Number of protein chains: 2
Amino acid sequence: MEHNHNDILNRVRHEMPTDELLCDLSDLFKIFGDTTRLKIMYSLLEGELCVCAVAELLGMTQSAISHQLKILKDAKLVGNRRDGKTIYYFLLDEHVRDIVAEGFEHLLEER
Amino acid sequence: MEHNHNDILNRVRHEMPTDELLCDLSDLFKIFGDTTRLKIMYSLLEGELCVCAVAELLGMTQSAISHQLKILKDAKLVGNRRDGKTIYYFLLDEHVRDIVAEGFEHLLEER
DNA sequence: CGTTCATATGAATATCTATTCATATGTTAG
DNA sequence: CTAACATATGAATAGATATTCATATGAACG
């Protein structure tokens, strides 16, 4: 019993990712943990959009959207390209779709 | 061009989940957005553990772990059972594994 | 029943973060 | 070069949240 208990603890300790990896992982999920950013990512699922289009779409200020886009870009979840004065943002990673989908599945199962 | 733009906006508006669903989704990801909770979930991947075992494993106080376990339980990510004085926690949802795995894939691709 | 052990919980605090406001950067048109 | 427009960004603020501390609950055991 006691042996079994320590056995599990040792196995868990062994399988546990490094703190650095866990920080990276939680930082990634933090990004998905905000409705504004989720909405932005959803918007970009259909195709690239400029900052002002996203702002109009979500009914938020250009500044707020710009700040959030920077966070998404730093996380390499979105990229952008310039066309004259306007800057278009687009999703960089197919995993965005998958991560969100997994989240939904939990919500559905939860009822 | 202008037509095309509005076209996209309308499509996006149409595909956007309700605010309630987006809040539920961001609340779920918020839970994954914390290293302590990630560590707890990782620990429970191997099997059920009592509160004090988790606390010992993570080198944190019983109180801190208990607070976090409550959050995980409210989100229906873990369940618990009592055996005498000790209470064992376990993962409730296979999606935990999948969600974490998706997160990792993004990190790896990010290089 | 009273003590001990495992866990839960409320309040307080310190830290983090999303938005706002003001302003800066950078591009195009005239 | 200057005005107008799109976007970025720094500082400040308000709200959220993880941990701590003190204490409560609840079970087992003598």
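Is Ala53(A) buried or exposed? Ala53(A) is buried, with a relative accessible area of 1%. This value, like the others below, comes from a predicted model.

Ala53(A) belongs to helix H4 of chain A, which covers residues 51-58. Its relative accessible area of 1% falls under the 20% limit for a buried residue. Ala53(A) and Tyr88(A) are separated by 35 residues in sequence, while their C-alpha atoms are 9.4 Å apart in space.

## Architecture of chain A

Chain A contains six helices and three strands. Read from the N terminus, these elements follow the order α-α-α-β-α-α-β-β-α.

The radius of gyration of chain A is 19 Å, whereas a compact globule of 111 residues would have a value near 13 Å. Along the principal axes, the C-alpha atoms of chain A occupy a box of roughly 70 × 35 × 20 Å. Of the 111 residues in chain A, 46% are buried. Among contacts in chain A with a separation of 6 or more, 48% are between residues 24 or more positions apart.

## Interface between the chains

The size of an interface is often expressed as the accessible area that is lost when the parts come together. Between them, chain B and chain A bury about 4800 Å², and 72% of this area is on carbon and sulfur atoms. On the side of chain B, the residues that lose the most area to chain A are Phe29(B), Glu46(B) and His106(B), which together account for 14% of what that side buries. In terms of contacts, 49 residues of chain B meet 49 residues of chain A.

The rule finds four salt bridges across the interface of chain B and chain A. Asp19(A) forms a salt bridge with Lys39(B), with the closest N and O atoms 3.4 Å apart. At least two residues of the side of chain B that touches chain A come from each of helix H1 (2-15), helix H2 (19-32), helix H3 (35-45), helix H4 (51-58) and helix H6 (95-110) of chain B. H6(B) gives the most to this side, with twelve residues. By residue class, the side of chain B that touches chain A comprises 24 nonpolar, eight polar and 17 charged residues.

## Helix H3 of chain B

H3(B) is mostly covered, with nine of its eleven residues buried. The buried residues are Thr36(B), Arg37(B), Leu38(B), Lys39(B), Ile40(B), Met41(B), Tyr42(B), Ser43(B) and Leu44(B).

At the start of H3(B), the backbone nitrogen of Thr36(B) has a side-chain oxygen of Asp34(B) within 3.0 Å. After H3(B) comes Gly47(B), with a positive phi near 145 degrees.

## Salt bridges within helices

Over all chains, a search of the whole structure finds twelve salt bridges. In chain A, Asp74(A) pairs with Lys70(A) in a salt bridge whose closest N and O atoms are 3.2 Å apart. Both residues lie in helix H5 of chain A, four residues apart, about one turn of the helix. In chain B, the side chains of Lys70(B) and Asp74(B) meet in a salt bridge at 3.2 Å, N to O. Lys70(B) and Asp74(B) are four residues apart in helix H5 of chain B and so are separated by about one helical turn. Asp74(B) counts as exposed, at 53% relative accessibility.

Lys30(B) forms a salt bridge with Asp27(B), the closest N and O atoms being 3.4 Å apart. These two residues are three positions apart in helix H2 of chain B, a separation of about one helical turn. Lys30(B) is partly exposed at 40% relative accessibility, and Asp27(B) is partly exposed at 41%. An α-helix has 3.6 residues a turn, so residues three or four places apart point the same way.

Most residues other than glycine have a negative phi. Lys76(A) has a positive phi near 60 degrees and is located in the loop between helix H5 (62-74) and strand S2 (78-83) of chain A. Lys76(A) is partly exposed, at 44% relative accessibility.

In chain B, phi of Lys76(B) is likewise positive, near 60 degrees. Lys76(B) is placed in the loop between helix H5 (62-74) and strand S2 (78-83) of chain B, and its relative accessibility of 43% makes it partly exposed.

Notes. Residues numbered from 1 in each chain as written. Chains lettered and ligands numbered in written order. Predicted model: local features only at pLDDT ≥ 70, side-chain atom pairs only at ≥ 80, totals over all residues. Heavy atoms only, no water. Contact = heavy atoms within 4.5 Å. Buried area = accessible area lost by both parts, 1.4 Å probe. Nonpolar A, V, L, I, M, F, W, Y, C, P; charged D, E, K, R; others polar. Rg over C-alpha atoms; globule rule 2.2 N^0.38 Å. Buried < 20%, exposed > 50% of the residue type's maximum accessible area, 1.4 Å probe, protein only. Polar contact = N/O pair within 3.5 Å; in protein donor to acceptor, adjacent residues only side chain to side chain.
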